[in-house]
Amino acid sequence: MATNHQKSKSPLLTLLDLGRRARHAENGLALQFILVNQTHELTPYLLGALWIEDEGVVMQSGVTEIEKHAPFILWLSQLGKQFSKEKNITRIEPSMLSDQDIKVWETSLPSEVIWIPVSSNAKKAGLLLCRE
């Protein structure tokens with residue numbers, strides 16, 4: 001349970017704490033968990049997904065294991081690939097998507113979606129964070 005101190009922590013302190021946890025992650029899987037689930041402390045969202053080049057979506061918030069071949073995960077992977085060329089945080093607008101992708105978005109995702117590129121020496125990666 002969160003203490004009053006944790007509830008009132010400033011965004012800067014939250015960011016610093018997340019950075020500390022990321023640096024001390026035991027392995028890649030632990031780091032992925034922090035990226036997808038614990039960044040919620042910084043900015044609330046309904047759905048977070050981590051996309052990695054040549055792997056697709058590898059983790060989704062609130063889910064212990066993803067089904068790599070599920071239509072929704074395949075679609076999110078395609079979305080991640082499409083926006084992987086973006087070097088900056090990008091708010092994804094419907095005008096940036098095909099008509100088919102807009103239809104899937106309208107039935108599957110909240111109204112606001114952002115792409116956050118994640119630095120990696122070896123592969124492109126990024127977070128898709130979604131909220132109303």
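**Close-up 1. Leucine 12 in helix H2.** In this predicted model, leucine 12 lies in helix H2. Its relative accessibility is 56%, so leucine 12 counts as exposed, the cut-off being over 50%. Leu12 is one of the exposed residues on the face of H2 turned away from the buried side, together with Leu16 and Arg23. Leu12 also belongs to a nonpolar surface patch of about 470 Å², to which Leu13, Leu15, Leu16 and Leu42 contribute as well.

**Close-up 2. The buried face of helix H2.** Helix H2 runs over residues 11–23, 13 residues in total, and spans 18 Å from its first C-alpha to its last, close to the 18 Å expected at 1.5 Å a residue. Which residues of H2 are buried? They are Thr14, Asp17, Leu18 and Arg21. Seen down the axis of H2, these buried residues fall within an arc of 100°, so they line one face of the helix.

**Close-up 3. Salt bridges of aspartate 17.** Aspartate 17 is buried, with a relative accessible area of 18%. The side chain of aspartate 17 meets that of arginine 20 in a salt bridge of 2.7 Å, N to O. Both residues lie in helix H2, three residues apart, which is about one turn of the helix. Arginine 20 is partly exposed, at a relative accessible area of 39%. A salt bridge of 2.6 Å, N to O, joins aspartate 17 to arginine 21. Aspartate 17 and arginine 21 are four residues apart in H2, so about one helical turn separates them. Like aspartate 17, arginine 21 is buried.

**Close-up 4. Arginine 91 and glutamate 93.** A search of the whole structure finds six salt bridges. One of them links arginine 91 to glutamate 93, with the closest N and O atoms 3.4 Å apart. Arginine 91 is partly exposed at 46% relative accessibility, and glutamate 93 is partly exposed at 32%. Elsewhere, salt bridges that share partners join Asp17, Arg20, Arg21 and Glu41 into one network.

Close-up 5. In helix H5 (residues 99–108), the residues Asp101, Ile102, Val104 and Trp105 are buried. They cover an arc of only 165° around the axis, which puts them on the same side of H5. Their cover includes helix H4 (71–83), strand S3 (90–92) and strand S4 (112–118). The face turned away from the buried side carries the exposed residues Asp99, Gln100, Lys103, Glu106 and Thr107.

Definitions and conventions:
Residues numbered from 1 in each chain as written. Predicted model: local features only at pLDDT ≥ 70, side-chain atom pairs only at ≥ 80, totals over all residues. Heavy atoms only, no water. Helix = DSSP H or I, 4+ residues; strand = E, 2+ residues; numbered from the N terminus. Expected span 1.5 Å × (residues − 1). Buried < 20%, exposed > 50% of the residue type's maximum accessible area, 1.4 Å probe, protein only. Arc of directions from axis to C-beta. Patch = residues over 30% accessible without salt bridge, like charges linked within 9 Å, V, L, I, M, F, W, Y side chains within 5 Å. Areas by Shrake-Rupley, 256 points an atom, 1.4 Å probe, with all protein chains shown as cover. Salt bridge = Lys/Arg side-chain N within 4 Å of Asp/Glu carboxyl O. Contact = heavy atoms within 4.5 Å.
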